[in-house]
Structure formats: structure tokens, C-alpha cells
Amino acid sequence: MIARAAAEELDRTDPLAGFTDRFVRPPGADRIYLNGNSLGPLPVVTVQRMASAIRDEWGYEQSDGWGRWLNISERVGDLLGRAALGAGPGQVVLGDSTSVQLYKAASMALDARPAAEAIVVDRGEFPTDRYVLEGLAASRGVELRYLDCDPLLGPQPEDIARSVASGDVALVCVSLVGYRSAAVADLGEITQLARHAGAFTLWDLSHAVGAIEMSLDGAGVDLAVGCTYKHLNGGPGAPAFLYVRREIQAGLRQPIQGWFGSRDLFTMGPTYEPADGVRRFLAGTPPVLALVAVEAALELLAEAGISRVQTRSRALTGLAIDLSDAWLAPRGVELGTPRDPARRGGHVALRHPHAETLCRRLHDAGVVADFRRPDVIRVGPALLATRFVEVWDAFDRLRRLATEPAVHPH
Ligand SMILES: *Cc1c(COP(=O)(O)O)cnc(C)c1O
């Protein structure tokens with residue numbers, strides 16, 4: 001039995017407790033938001049920063065604002081690298097969606113390995129990644145080689161080793177945190193395995209960034225992409241990022257030869273020549289207002305510190321797992337997430353034959369989580385905003401619902 005007082009105690013001793021008041025909550029609602037892994041909540045500071053960017057910069061400075069906007073993609077990229085990716089400056093840009101960044105990165109890798117014949121991806125990978133790679137493989141005439149991985153643990157080094165053993169692979173694309181199970185893949189080991197086989201690695205960090213600590217530079221990662229609207233709290237449709245390791249930048253050319261990636265933006269020369277450095281991976285004008293929101297949220301993350309956020313994430317998801325074991329396991333709910341805290345990201349998957357009904361009733365009871373076909377409810381605390389007692393209250397509502405006849409399997 002886990003008493004509510006135990007969750008209250010976790011809130012009292014939480015070194016990041018102060019951050020929970022720095023997010024907007026819907027007025028008057030007795031609503032518990034556990035969908036932070038899908039759309040992070042709005043930081044209060046973002047409201048002010050965006051209002052100021054719109055009125056003071058766009059409104060009053062008008063086109064003079066380009067003095068500060070021109071490099072916003074690289075500036076926010078450096079901040080993201082420092083605050084969340086373990087990446088030194090000059091390796092990260094933002095803009096476009098994750099799907100487009102993924103296409104650019106995968107396309108460059110194929111160009112750099114013209115003799116290779118395959119791309120490797122997990123069959124359980126997030127749909128947009130599989131779809132983008134499927135299209136790219138078809139247009140380049142290379143094989144898309146699917147991995148069949150353990151659904152709970154995700155891609156393991158052995159899976160990757162087998163898939164690249166033939167030596168004909170250009171690119172291995174893996175999520176660091178699985179969108180369904182929240183399983184964490186081995187960043188360093190998979191990267192090294194692929195490299196030894198002559199393949200690039202392309203990491204999708206969408207569910208990992210802002211939830212777990214990582215060092216892209218330390219692990220020797222080649223390419224990475226990810227979105228900023230999940231655990232990074234950048235807002236709906238916030239621009240995605242692309243990381244390209246400094247040592248390989250000069251050898252790569254991205255497929256969209258836009259003027260923002262050219263050597264001199266204002267020369268307006270007759271032909272395209274890529275810029276030196278990370279700017280060559282930009283295409284067109286950056287989404288300035290959206291990047292202001294990402295920057296504000298990243299400053300908040302930097303203040304909290306990713307290491308402390310990771311600790312808090314493990315404690316929040318750990319409480320969710322303990323409550324699930326105590327209350328929901330006897331009612332037919334199975335854990336779909338690794339128990340080892342070092343092996344899971346910022347959300348917890350609960351499996352139940354009537355997950356869809358349960359998730360809908362949970363929403364009616366004021367708890368926002370999400371359902372993933374066929375049988376998973378994903379519970380994703382907002383890692384800086386959700387209080388421990390909210391997790392307790394949400395599971396308390398869930399345990400009552402799981403007892404109702406329509407969802408009880410017996
Ligand atoms: C959320 C997510 C995306 C989102 O792609 P968009 O193009 O930004 O919509 C891509 N890949 C993974 C693994 C995700 O979790």
C-alpha cells in the first residue's frame with residue numbers, strides 16, 4: 001500500500017519542486033496532465049517572451065529585427081546542445097519538422113555511401129521515420145532492412161550487429177527512447193557497431209531529449225534529429241533539430257540547397273556553394289517566433305539541469321510503476337516499460353485489453369494520458385511540471401476505473 005502521504009513527501013523533498021509553478025495550468029480545472037511526452041506544457045515565461053518578440057521585435061523593430069534573428073537557429077542549437085544533448089557548439093540547427101530533418105540527414109548519409117545497398121530500421125520504429133526511410137529507399141533503389149526487436153526492450157546491440165554484418169549498410173536509424181515502451185537504446189555501443197561496419201548512425205531523439213541525459217559528442221554519434229515539442233516544451237509544431245558531428249560536416253551535403261545554407265547569404269551568386277560549418281544544413285528562413293518559444297523553454301531546462309530532470313523523471317515514472325504494481329496489476333494491467341530506471345525514458349506504458357475504453361474514461365475523469373493501438377496507455381508526466389501527488393491521484397482514479405465491469409477482463 002502506497003499512501004498519498006508518501007507522494008506528498010516526495011513533493012516536499014523534491015529539489016525541482018519550484019519548477020512546477022512555472023507552467024501554465026488550465027484555470028479552475030481539476031485536471032491532471034500526463035501527456036508531457038506528447039506535447040509538453042506551456043512555461044509561463046514563454047508567454048511573456050513570445051509577446052515581447054511579437055510586439056517589441058516584429059512590431060517595433062520590423063525588418064531591423066533580422067540583426068538578431070539571422071542566427072537564431074544556430075544560437076538556439078548551441079543552447080540545445082549544451083542544455084540537453086551533450087554537444088559542443090556548432091553542431092546543431094533547428095527548423096523544419098522532425099520528418100524533414102530525418103529526410104535531410106538520411107539523404108546525406110546515402111549520398112556519402114554511394115556503394116552501400118541498405119538502410120536499417122526497427123519495424124516498431126515511430127511511423128514517420130519508417131515512412132520517410134521507405135520513400136527514400138525506394139527512390140534510391142536501396143533495400144529498407146527491418147529489424148524485429150523485443151517490443152519491451154527495443155533494438156539491442158546484437159540486433160544491430162546482425163543487421164550490419166553483411167557490410168552493405170549505409171545507415172542505421174534508431175530511436176534513443178522508444179515512443180511506445182520508453183525503452184532506452186545503447187547510444188555508444190550501437191553507434192560504434194554501426195561505424196565498424198561502415199554505416200552512419202542516425203538517432204531519433206524525439207522521446208529522449210529533455211528526459212534523459214546524454215552525450216552525443218562523447219558517444220561519437222554521427223547524425224541525430226528530434227522534436228522540441230515533447231519533453232522540451234517548445235509548443236505545438238515547434239521546429240525540430242538536426243545534429244551533425246563536427247568532424248563529418250565538411251563531407252556532407254544536404255539535399256535542399258537553400259540560400260540559408262549557402263556560403264554567403266547576401267552575395268546572391270549564380271550557383272550554390274554550401275556554407276562552412278553547421279549552417280550548411282539549413283535550407284530556408286528560420287521560424288523565428290517558434291524558435292523564441294523553444295529558446296525560452298530551453299533556458300528553463302538549463303536552469304533545472306538535465307541531470308536533475310532525469311533523476312526526477314525516474315522518480316515520477318518509478319512511482320507510477322509502483323502504483324501500477326500495487327493497484328493495477330491485480331486488475332489485469334501489465335507493465336510495457338522496462339523496470340530498470342536506467343533503461344527507461346520519461347513515460348510509462350500500461351497494457352490492458354480494454355486500454356482504449358480505459359483511456360477514454362480516464363480522460364472523462366480529468367486525467368489526460370494517451371492511447372496507442374492496440375492495447376497501450378502511455379502515462380507521461382510533464383517532467384518539470386507534474387507533481388508526485390498528481391501521479392498518485394491519477395492512478396487512484398485509474399484503479400477505480402479498472403475495476404468497472406466493462407474494462408475488467410474477468
Ligand atoms: C514525435 C516524433 C516524431 C515527430 O515527427 P514530426 O515530423 O515532427 O511530426 C518523429 N519521430 C519520433 C520518434 C517521434 O517520437
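Me: In S5, what is the bridge partner of isoleucine 119?
Reply: Leucine 171. This is a predicted model, where local features need pLDDT of at least 70, side-chain atom pairs count only at pLDDT 80 or more, and totals for chains, interfaces and linings use all residues. Numbering runs from 1 along each chain as its sequence is written, and side-chain values use heavy atoms, without hydrogens and water.

Me: How many bridges between S3 and S5, and in which sense?
Reply: Four, in the parallel sense, with S5 covering residues 169–175. Strands pair if DSSP finds at least two bridges between them. Strands are DSSP E runs of at least two residues, helices H or I runs of at least four, both numbered from the N terminus.

Me: And S3 to S4?
Reply: Five bridges join S3 to S4 (residues 143–147), and the two run parallel. Valine 120 has arginine 145 as its bridge partner in S4.

Me: Is S3 mostly covered or open?
Reply: Mostly covered: five of its five residues, 118–122, are buried. Buried is under 20% relative accessible area, exposed over 50%, partly exposed in between (1.4 Å probe, protein chains only).

Me: Which way do the S3 residues point?
Reply: Ala118, Val120 and Asp122 point one way, Ile119 and Val121 the other. In a regular strand the side chains alternate between the two faces of the sheet.

Me: New topic. Where is leucine 42?
Reply: In the loop between strand S1 (32–33) and helix H2 (44–61).

Me: Now H13. Which residues are buried there?
Reply: Ala355, Thr357, Leu358, Cys359 and Leu362, in a helix spanning 355–364.

Me: What follows H13?
Reply: Glycine 366, with a positive phi near 90°.
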